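Take a look at them first, and then we will go through a few features together.

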Amino acid sequence: MKKIIAVVRREFVERVRTKAFVISTVMLPVFIVLMAVLPGLMMSGTDRTSRVAMVDASGIDLGQPVREAMLAEKLSDKPDARPRYSVQVFPASTAELASVRDGLIGKTGFSKNKQQDTWDGVMVLTADTLASGKLEYYGGNVGAVQSMSQLQRTVSNALATVRLGKSGVDAALVKKAMAAADMDTTKVSDGKLTGQSGKDSFLIAYFMGFILYISILLYGQQTMTSVIEEKTSRIMEVLTSSLTPFQMLLGKVLGVGLAGLTQMAIWGGSVFVVSSKGAEIGSMLGMGADAVQQSPIPSMPPGLLVVFLLYFALGFLLYGALYAAIGAMCNTIQETQQYAIFVTVFIIVGFFSVFSLIKDPTGGLGVTMSYIPFFAPFTMPVRWSMSSVPPLELALSLGLMVVTLLACVWLAARIYRTGILMYGKKPSWGELWRWIRA
Amino acid sequence: MSAASVRVESVTKRFSGHTAVNNLSMEVASGGIYGLLGPNGAGKSTTIRLIMGILEPDQGRVVLFGSDHGSRKLSQRIGYLPEERGLYKKMKVLDHLIFLGETKGISRTDSRRRAHNWLERLGVSDWALKKVEDLSKGMQQKVQFAGALLHEPELVILDEPFSGLDPVNAQVMKDIVVAIAAEGRTVLFSTHVMEQAERMCDRIAIIARGEMVVSGTVAQVKEDFGGRHVALGFTHDKQRAEAILADRSLIAHLDDYGASAELQMAEGADPEQLLAALVREGVGLRRFEVVEPSLHAIFIAKVGADVAVAPARAGAAA
């Protein structure tokens, strides 16, 4: 046992110390945070009142109702929230329009500390605006898609109110009638609310399937490579004189797996933190609450994180043991390819079954796949995130995995035992069978 | 004396198409230095791998410390330096030694302390935190040597320990091997450098083609070999000696080194006859000495003919 721990530690420490590991581990969370923060920053990013100069050339004082509608908008839902806009109306005739507008534009779009900085944007209402709905807006923030669509919504509501008012509809009634529909989607699991939105579970499922695929493939093949390295560096002979093949195999697979699990936990954990504490992180980075809601990172429930890590661990051990056995059979990386393909095909099939599962989480194919131990590591976490999985079914899937895992480790240990000291030619299938039976 | 450290009982090992070790028996008593000699391809490494349990014998058995549990169970009592040196290239030297200690069942702290001691003893302390791949070949070999001895095993098995070392480092290693034997521990090493074996070993075994040729204490082997041997050193006019040296009625076997020669007298021939003949021909002599046969001479005489036909070793035995 002490010896296995020594092997596990060596594998783990030597792997975690490499630059490649550190960089890949750190880069993904950074990427996730950027994903969460950047679109928010780029798309809305307003947490201060926008100063709008309104050139009113409508001739019917259209500026007033539009201004009132804009002043009613707040930056957030809180009662003490600051208004979203401050608006000053500049009445003008159609003839004066261009000169007034250009004069105002001359004071727009400077950075905050500049003396000329007076306006954030200039809105132009023409005689045609009420009828056609056409108006112009000039500003430094027109690229902020979120802000612009919000402004457009406010103005169109104001225009609609004025139009309806002209037709004799009571203003209060109009306001009631214009209240927007606001639909929230929430996933239901076992008759309970999970707090996850439909879009979220799709994103999570997709992301998870991908990460599981990449990491099991990557870490599985690392196990294979490292066995080959031990064979070519001939350290194997020293090791076999002190360790049993089973100790070597188990120590190696556990060590590599632990390094992988560490990386997964850091990645999964950072998604979890970013999604559940997104608002805090956002405000730390000086983002408005508005911007944070824009974050594309879905929330990850803790239960899912556990299922995800559990299946990664089991899946890796299963595939890691098989890859290690292949490494033991061969002498060079090139040689391994012809055997490794058999294992890799399983991983690829498992990954692609994730797509059918995403399309139909309760469909027969996906559900069946989540019981087959070689595919379960990819399909079950996805199934869990997309639909509710009864505990009994989860236990069955886990149980089958553990049984298969033990069988594969036994098989791999038999091959490993003979293979690690074989140099020279590759074994034939017949010889392989003899190794296993011996 | 306690049970023999190593007892090999009629062991045979075949690789596809050829027999690497054929019905070989040997016994390494505990204590002292035991040399396993033989030409390339004689089956030395295969024998050592069989002893280490890395290979399973096709027939016969290997008994270590009087038990046939195999070397892995007893690995704490055995240190092993394989012929093919191998270390994890990316690991730091100190970490590597600690790891090797741990695989022998030593605690981590203890292992660290011993690793430091050994690095100091071998004069490579400055390299403790360097990666193995940054070390020269000779230094890597020293590190692996330390790794094999870290757990202070009572039986040390070294496969060609001095090959590839410069004279200074070979000397350091030799001193350590001698010190181990002086502590009452057992050293079994293989070599094809006879001079070394002759000076260091208490007992030797010469094997060729996987079979035992001769074994016993060095003195015994020499005595059994018998015959009278003469060592010659020439100064000038060596060509004048050629006819005499070719005379089979006088000389049974000649080992010519150019400026010197070692020879075995023919049955019934006398060294004085030889000396008289050489002087008569005017051969310039620097040395003329009746000597014990060197192991080298015995080796050549016993297996010399085999060397040329030693089978190429199969890949699996390499």
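## Helix α17 of chain A

In this predicted model, the buried residues of α17(A) are Ser397(A), Met401(A), Val409(A), Ala412(A), Ala413(A), Ile415(A), Tyr416(A), Arg417(A) and Gly419(A).

The helix covers residues 391-419 of chain A, and at 1.5 Å a residue its 29 residues should span 42 Å. The C-alpha atoms at its ends are 41 Å apart, which agrees with that expectation.

## The nonpolar cores

Ala412(A) turns up again here: along with Ala321(A), Ala324(A), Ala325(A) and Ile157(B), it has the most contacts inside the largest nonpolar core, a set of 138 residues. Helix α13 of chain A (residues 302-329) gives the most to this core, with 18 residues. Apart from it lies another core, of 22 residues, including Ala57(A), Ala69(A), Tyr85(A) and Met123(A).

On the chain B side, what does Ile157(B) touch, leaving out residues up to four places away in sequence? Its partners are Ile48(B), Ile51(B), Met52(B), Ile78(B), Gly79(B), Tyr80(B) and Leu188(B).

## A closer look at Val306(A)

Helix α13 of chain A also holds Val306(A). Is Val306(A) buried, partly exposed or exposed? Val306(A) counts as partly exposed, because it has 13 C-beta neighbours inside 10 Å. Val306(A) lies 9.4 Å from Pro381(A), C-alpha to C-alpha, although 75 residues separate them in sequence.

## Where the chains meet

The contact draws 20 residues from chain A and 23 residues from chain B. On the side of chain B that touches chain A, helix α2 of chain B (residues 93-103) gives the most, with three residues. That side of chain B is made up of 10 nonpolar, seven charged and six polar residues.

Conventions. Residues numbered from 1 in each chain as written. Chains lettered and ligands numbered in written order. Predicted model: local features only at pLDDT ≥ 70, side-chain atom pairs only at ≥ 80, totals over all residues. Contact = placed C-beta atoms within 7 Å. Helix = DSSP H or I, 4+ residues; strand = E, 2+ residues; numbered from the N terminus. Nonpolar A, V, L, I, M, F, W, Y, C, P; charged D, E, K, R; others polar. Core = buried A, V, L, I, M, F, W, Y, C linked by C-beta atoms within 7 Å. Buried ≥ 20, exposed ≤ 12 C-beta atoms within 10 Å, placed from the backbone. Expected span 1.5 Å × (residues − 1).
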